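Open the model in your viewer and keep the sequence panel beside it. The stops below say what to select and what is there.

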Amino acid sequence: MKENLSIKEFARFSRIEQTTLRYWDDIGLFSPSKRDPINNYRYYSPEQIIAVKFIGVLSDLNVPLKAIAHIEEQRTPEKIIELISERERGLGLELLRIQEQFTILHTRRRLIEEGMRVLSEFDLEFSDEERKSKESSKTAIQLLEGGGIGYILGPRNHFTESGDFFDSLIEFVTKADGSRIKLSLPIAGRHDRFDSFLKMPGGPDNFISIDPRGNRVSPEGTYLVGYVRGFYGQLANIHQELADYATQHKLKPTGPVYTEYLHDEICLRNPVDYLAKVSVRVEEG
């Protein structure tokens, strides 16, 4: 091999970009073995390909150049372990952040796509006049196999007969951190039983965060599902429609009632177009 390598040759052998080598030289991190006194060209010795690997490996792992320079001359196994351990901790936090973002994206996409399916199956479109009012709503009902959805249960709500939906929602939001709830994930309502839902459909016993990593899971089975288009808390007469359907088809609602918003402010501008899904597991009988 040649005694001196041009920066182009050294870049090819070391697989490090020429611009990177120039930058490392400029900041005093890694310099060529010599420079031409006339044209100031950089020349590297073959042995430097081994020496530069230390910087290249740590740089590829996004270890700050300042940290690399700090131990470059006096590196030891102990110091490298300390440096690597610090980077591992940083990557661990970054992985958690990425995983959390993926969970949010996946959950939102699932709900929005389900809402699109519902709108393609049922005629739930509003007229221009209906869209002007927050009181407008449209409904549809069907039986589906479902469940297996993870969630985190929020604090108990304390609705009165005239209680405001948003008072309890604000309380849920303010207590989210203490309940390990990520507010970027969809929020839903949960009634303990069907009879409590019939009594106050717009006042869930708890708000929940729909979270695949949650410590609770909705039971799997056949669900009686009602869809409602309208603003938060505007569930029209869906509770009575579900009760009538269950009676007519000899179905027994069992377990909690979940009210999820498939389409909300994330994908729609006009609140009257929001799409809620009310579901309760049913058994024959």
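Start with strands S10 (residues 251-263) and S11 (residues 275-284), which pair in the antiparallel sense over nine bridges. Helices (H or I, at least four residues) and strands (E, at least two) are DSSP runs, numbered from the N terminus, and two strands pair if DSSP finds at least two bridges between them. Select Thr-259 next: its bridge partner in S11 is Val-278.

Before going on, note that this is a predicted model, in which local features need pLDDT of at least 70 and side-chain atom pairs count only at pLDDT 80 or more, while totals for chains, interfaces and linings use all residues. Residues are numbered from 1 along each chain as its sequence is written, and side-chain values use heavy atoms, with hydrogens and water left out.

**The sheet**

Now show the eight strands of the open sheet, in the order S4-S9-S11-S10-S6-S7-S5-S8, with antiparallel pairing. At the edges stand S4 (138-146) and S8 (216-217); each has a single partner strand, so one side of each is left without a neighbour in the sheet. Strands of a sheet pair through backbone hydrogen bonds, either parallel or antiparallel.

Elsewhere in the sheet, select S5 (residues 150-156) and S7 (residues 206-210), antiparallel strands joined by four bridges. Arg-156 stands opposite Asn-206 in S7.

**His-191**

Go to strand S6 (residues 187-191), where His-191 is found. S6 pairs with S10 in the antiparallel sense over three bridges, and Val-257 is the bridge partner of His-191 in S10. Is His-191 buried or exposed? His-191 is buried, with a relative accessible area of 0%; buried means under 20% relative accessible area, exposed over 50%, and partly exposed in between (1.4 Å probe, protein chains only).

Leaving aside neighbours within four places in sequence, the residues in contact with His-191 include Ser-196, Phe-197, Asp-205 and Pro-256. Contact means heavy atoms within 4.5 Å.

**Helix H1**

Select helix H1 (residues 7-14), in which Ile-7, Glu-9, Phe-10, Ala-11 and Ser-14 are buried. What covers these buried residues includes strand S1 (5-6), helix H2 (18-26), strand S3 (42-44) and helix H3 (48-60). H1 is followed by Arg-15, whose phi is positive, near 60°.

**Two loop residues**

Most residues other than glycine have a negative phi, and most peptide bonds are trans. Select Asn-40, in the loop between strand S2 (34-35) and S3; its phi is positive, near 65°. Asn-40 is partly exposed, with a relative accessible area of 45%.

Then select Lys-250, in the loop between helix H8 (238-248) and S10. Lys-250 is not a glycine, yet has a positive phi of about 55°. Lys-250 is exposed, with a relative accessible area of 63%.

**The cavity**

How many cavities of 30 Å³ or more are there? The count comes to one. On a 1 Å grid over the protein atoms alone, a cavity is a set of points where a 1.4 Å probe fits but cannot get out, and lining residues have an atom within 4 Å of a point. Grid points are joined across faces, edges and corners, and a volume is the space filled by probe spheres set on the points.

The largest cavity holds about 30 Å³ of space. Select its lining: Arg-108, Leu-111, Ile-112, Tyr-261, Leu-262, His-263, Asp-264 and Cys-267. Helix H5 (77-121) and S10 each supply at least two residues of this lining.

Terms used:
1 Å grid on protein atoms, 1.4 Å probe; cavity = no way out; pocket = protein on both sides within 12 Å on 5 of 7 lines; lining within 4 Å.
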